[in-house]
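Have the picture open as you read.

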Amino acid sequence: TSYSAKQLDKYIVEMLEERQQQGGKYANAATKSKLLGLGTVLKKVEQELHVNALLILALAQHESDYGMSNHAQTYNNLFGLYVFDENPANKTFSSIEGNVLELAGQFLNKNYIPPGAGYAHGAYFGNKVQGVNVRYASDQFWGAKAAGHAYRIDRALGGKDFERYDIARVNDDILEQSNRLDVYAQKNDEQVIYTIDAAHGQFVTAHKSASGSWRAIISDSGRYDEGYVRKSVID
């Protein structure tokens with residue numbers, strides 16, 4: 001995200017003050033929420049583990065009811081980690097930072113984002129066909145709800161992230177040929193850094209600028225900041 005820790009924290013404070021005015025379960029939100037001061041942690045995780053800070057905040061808002069849920073307040077668990085419909089475990093985290101690190105390092109970057117990982121269907125919230133939501137939550141609208149939070153955060157902060165990148169779909173030619181899309185380290189065919197299973201017309205996040213017959217995309221592999229695909233294979 002283009003927003004700093006200071007900007008994210010400013011948003012959190014203002015958002016919680018608005019919630020507090022509603023009273024009820026949000027009566028002490030501006031002083032009690034577990035989201036307070038989260039900006040620095042989110043940007044640290046973004047820098048070290050390459051997971052978008054604004055999207056983590058959006059997910060935290062959704063899963064923890066703005067940091068006021070019982071799991072957040074009692075167990076420092078903003079994301080419902082290790083909590084399942086059939087087994088509502090009460091796993092305690094020693095800190096909110098530890099909880100965020102667990103989400104990014106042991107869930108997203110281990111099972112959901114890297115191509116070839118056990119639950120990998122695309123590095124975005126998604127739905128029940130593609131994206132993280134295929135395996136993360138039972139609610140088929142979980143991805144849309146989390147994305148809605150991200151959109152509203154961005155709007156509140158000035159709308160700098162919306163349309164900052166192009167969203168590209170792996171095109172039908174690839175689907176008909178092999179269902180696989182190779183992503184390269186450079187603008188040539190010499191080194192494949194990972195391969196996308198494109199069976200469901202998966203999406204990639206592309207930089208706005210194009211260079212010849214190649215497009216730079218944000219890498220789904222933590223070992224690289226970006227990769228390259230041929231323009232002819234994405235729409």
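Q: Before we start, what do angles under 35 degrees count as?
A: Angles under 35 degrees count as roughly parallel, over 145 as roughly antiparallel, 65 to 115 as roughly perpendicular, and the rest as oblique. Axes are lines fitted to C-alpha atoms, for helices over the stretch in contact, and angles run from 0 to 180 degrees between N-to-C directions.

Q: And what kind of model is this?
A: This is a predicted model, where local features need pLDDT of at least 70, side-chain atom pairs count only at pLDDT 80 or more, and totals for chains, interfaces and linings use all residues. Residues are numbered from 1 along each chain as its sequence is written, and side-chain values use heavy atoms, with hydrogens and water left out.

Q: Why are α3 and α6 called roughly parallel?
A: They pack at an angle of about 30°, with axes 10 Å apart. Angles under 35 degrees count as roughly parallel, so that label goes to α3 and α6. As for the names, helices (H or I, at least four residues) and strands (E, at least two) are DSSP runs, numbered from the N terminus.

Q: Which residues make the contact of α3 and α6?
A: On the α3 side they are L38, V41, L42, K44, V45 and L49, and on the α6 side I96, E97, V100, L101, A104, G105 and N109. Contact here means heavy atoms within 4.5 Å. By class, the contact of α3 with α6 divides into nine nonpolar, two polar and two charged residues. Ala, Val, Leu, Ile, Met, Phe, Trp, Tyr, Cys and Pro count as nonpolar, Asp, Glu, Lys and Arg as charged, and the others, Gly among them, as polar.

Q: What makes α1 roughly parallel to α4?
A: The axes of α1 (residues 5-20) and α4 (residues 53-64) come within 12 Å and cross at roughly 20°. That crossing angle is what makes α1 roughly parallel to α4. L8, Y11, I12 and M15 of α1 and A53, L57 and Q61 of α4 make the contact. Sorted by class, the contact of α1 with α4 has six nonpolar residues, one polar and no charged ones.

Q: Which residues touch the most other members of the largest nonpolar core?
A: L38, F79, V100 and Y136 do, out of 45 residues in that core. A nonpolar core is a set of buried Ala, Val, Leu, Ile, Met, Phe, Trp, Tyr and Cys residues joined through side-chain atoms within 4.5 Å. The elements giving two or more residues to this core are α1, α3 (38-49), α4, α6 (96-112) and α8 (142-156). There is also a second, separate core of 15 residues, including A168, A206, V229 and V233.

Q: What does Y136 contact?
A: Leaving aside neighbours within four places in sequence, Y136 is in contact with L59, E63, F79, L81, L103, Y112 and W142.

Q: How do you know whether Y66 is buried or exposed?
A: Buried means under 20% relative accessible area, exposed over 50%, and partly exposed in between (1.4 Å probe, protein chains only). Y66 has a value of 12%, so Y66 is buried. Y66 sits in the loop between α4 and α5 (70-75), and its phi is near 65°, a positive value in a residue other than glycine.

Q: Why is Y82 called partly exposed?
A: Its relative accessible area is 29%, so Y82 is partly exposed. Y82 lies in the loop between α5 and β1 (83-84), and has a positive phi of about 65° although it is not a glycine.

Q: What makes K6 and I167 exposed?
A: K6, in helix α1, is exposed because its relative accessible area is 72%. I167, in strand β3 (residues 166-169), has 58%, so I167 is exposed too. Not counting residues up to four places away in sequence, I167 touches F203, V204, T205 and D235.
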